[in-house]
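This briefing goes through one protein model by topic. Please have the sequence and the structure open while reading.

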Amino acid sequence: MTTPDDHPDHEPTTPGPGSLRCPECEQPARLVPPRDWPLNGFAARPGASHVDGTSLCPVPGPNGSQPADPVGVPARLTLWQAVR
């Protein structure tokens with residue numbers, strides 16, 4: 001007997017391509033440092049960027065604004081969640 005691909009036992013352990021997003025603007029993100037980092041020498045280059053190579057949107061941090069951390073795309077909405 002085979003199990004369907006969407007069965008919970010078949011969940012990927014690592015995010016697949018295109019499954020990360022910026023929590024602020026909701027645009028796709030990737031685990032690649034941004035191309036340009038204006039704070040070179042002052043702050044470590046972040047490990048994630050938007051797909052176009054720009055750093056993720058700023059969020060408040062302990063030392064002022066900092067790029068957001070990417071988040072995983074939420075699971076598909078149930079019908080009840082979609083109509084709320």
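Strand β5 (residues 64-67) contributes three residues to the lining of the largest pocket, the most of any element. The model is predicted, and the mean pLDDT of the protein chain is 78.

**Largest pocket**

- The space in the largest pocket comes to about 180 Å³.
- Its lining is made up of W37, P38, L39, A43, A44, P46, S55, L56, P58, S65, Q66 and P67.
- By residue class, the lining of the largest pocket holds nine nonpolar residues, three polar ones and no charged ones.

- Side chains of opposite charge can pair when their charged atoms come close.
- R21 counts as buried, because its relative accessibility is 17% and the cut-off for buried is under 20%.
- E26 is partly exposed, because its relative accessible area of 48% falls between the 20% and 50% cut-offs.

- Most residues other than glycine have a negative phi.
- The phi of E26 is near 70°, a positive value in a residue that is not glycine.
- C25 is also found in the loop between β1 and β2, and C25 is partly exposed at a relative accessible area of 29%.
- Which residues does C25 touch, leaving aside its neighbours within four places in sequence? C25 is in contact with H50 and C57.
- C25 and C57 are 32 residues apart in sequence, and their C-alpha atoms are 7.1 Å apart in space.

**Confidence**

- In the protein chain, 64% of residues reach a pLDDT of 70 or more.
- Confidence is highest in strand β3 (residues 49-50), at a mean of 95.
- Confidence is lowest in helix α1 (residues 79-83), where the mean is 64.
- Over residues 6-15 pLDDT stays under 50, and the model has four contacts beyond four places in sequence for this stretch.
- Where pLDDT is low, the predicted coordinates should not be read in detail.

Note on methods:
Residues numbered from 1 in each chain as written. Predicted model: local features only at pLDDT ≥ 70, side-chain atom pairs only at ≥ 80, totals over all residues. Heavy atoms only, no water. Buried < 20%, exposed > 50% of the residue type's maximum accessible area, 1.4 Å probe, protein only. 1 Å grid on protein atoms, 1.4 Å probe; cavity = no way out; pocket = protein on both sides within 12 Å on 5 of 7 lines; lining within 4 Å. Points joined across faces, edges and corners; volume = space filled by probe spheres on them. Helix = DSSP H or I, 4+ residues; strand = E, 2+ residues; numbered from the N terminus. Nonpolar A, V, L, I, M, F, W, Y, C, P; charged D, E, K, R; others polar. pLDDT = per-residue confidence, 0-100. Contact = heavy atoms within 4.5 Å.
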